[in-house]
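Subject: Structure handover

Hello,

Here is the structure I promised you. Please open it first, then read my notes below.

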Amino acid sequence: DTALVYSQVMCNAAGIFTSNRVKAECVKLTKKNIAGGKMQAAICNVCYANACTGEEGYKNALRMADFTAKGFGIAPENVIVCSTGIIGQQVPVEKIEENFDRLKAGLSAEGHKEARTAIMTTDTHYKECAVETEIDGKKIHIGAMCKGSGMIHINMGTMLSFVTTDCAISSEMLNKALKETVKGTYNCVSIDGDMSTNDTLTIMANGLAGNKEIVSEGADFDAFLKALNVLNTNMAMKIA
C-alpha cells in the first residue's frame, strides 16, 4: 500500500495538480516543492488521502518527505509526496516510516511491478505504459504508472500519474510539454462527475539517455511531445 520511486541522479521535473478549490495537504506540499523544477524521489501511500486533515495533515506530508529524503541523502524539497484514499482521516505516517528501510530495499529495475499495484485503490487493474523514441540519435524512454477509477472528472479527477523519462530536457520544457499533452488526454476523462482533492500528474527526467538537453521548441521537443502524448493518451484510456 506504499510505492517508492527513486532516480540515481537529480531530475528536472514538472507537475500538474487538481483544480479543485479543496486540495489535499500532500498536493499543497508537492506543488510547492516541484515549483523548484528539481526532484529525485516520489513516495505514495493509499487508503488515506490526507485531504481535509488540516495542519496535522500537512505535518504528516512533510514527515513523509523528510524520512524519504533522509533515506537517500537528498533534500526533502526534492521529494514528491502523494496520497490517495479516504478523505478526512490522518495518514498513519509512523507505519510508513517504520517500514521505509524495507521499502527502499525493494527498489529495483523490476520494482515497477509492485509499485503499479501499490498505488491502486478501487482500480480493478493496474495501469502502466512505456514508449520509446529517438531524439538526437539517442534512444529515449518514457514510462508511466497511474491510478484512477472513481472521482474522475474533466480537468483531472482521484487520479495519480507518475511519469519518468531518461530524456535530457529542461524543467521549463517539461512543464510546457505536460501542459500541452494533458489537454487532449487526462483532461478529457470523466467517469462520475466528481472532481478530486488529490489529482497529481508529475514527470521526472534524469537525462541519462545522453541526448543534447532540450531547452527550447524545435524538432527534438516535438519528438518528445509526440511520444509523451502517445503515453498519456494510452494512460487516459486505461483510466476510462
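Start with the surface. The chain exposes about 10,700 Å², and carbon and sulfur atoms supply 50% of that area. Accessible areas come from the Shrake-Rupley method with a 1.4 Å probe, and for residues only the protein chains shown count as cover.

A word on the source. This is a predicted model, where local features need pLDDT of at least 70, side-chain atom pairs count only at pLDDT 80 or more, and totals for chains, interfaces and linings use all residues. Residues are numbered from 1 along each chain as its sequence is written, and side-chain values use heavy atoms, with hydrogens and water left out.

Now the overall build. The chain has 7 helices and 7 strands (DSSP runs numbered from the N terminus: helices are H or I with at least four residues, strands are E with at least two). Their order along the sequence is β-α-β-α-β-α-α-α-β-β-β-α-β-α. The C-alpha atoms fill a box of roughly 50 × 40 × 30 Å along the principal axes. Of the 240 residues, 52% are buried (buried is under 20% relative accessible area, exposed is over 50%, partly exposed is in between; 1.4 Å probe, protein chains only).

Next, charge. There are 24 positive and 27 negative side chains, and the centres of the two sets lie 2 Å apart. Lys and Arg count as positive, Asp and Glu as negative; His and the chain ends are not counted. Each charge is placed at NZ of Lys, CZ of Arg, CG of Asp or CD of Glu.

The chain has 9 salt bridges (a side-chain nitrogen of Lys or Arg within 4 Å of a carboxyl oxygen of Asp or Glu).

- K59 and E55 pair at 3.6 Å, N to O. They sit 4 residues apart in helix 2 (residues 54-72), so about one helical turn separates them. E55 is exposed at 60%.
- E132 and K139 pair at 3.9 Å, N to O. K139 is exposed, with 55% relative accessibility.
- K176 and E217 pair with their closest N and O atoms 3.3 Å apart. This pair links distant parts of the chain, 41 residues apart: K176 is in helix 6 (residues 171-182), E217 in the loop between strand 7 (200-205) and helix 7. K176 is partly exposed at 36%, while E217 is exposed at 55%.

Last, which residues gather in a patch of negative charge on the surface? They are E134, D136, D220 and D222. Patch residues have over 30% relative accessible area and no salt bridge; like charges are joined within 9 Å, nonpolar side chains (Val, Leu, Ile, Met, Phe, Trp, Tyr) within 5 Å. D222 lies in helix 7 (residues 219-239) and is partly exposed at 45%.

Best wishes
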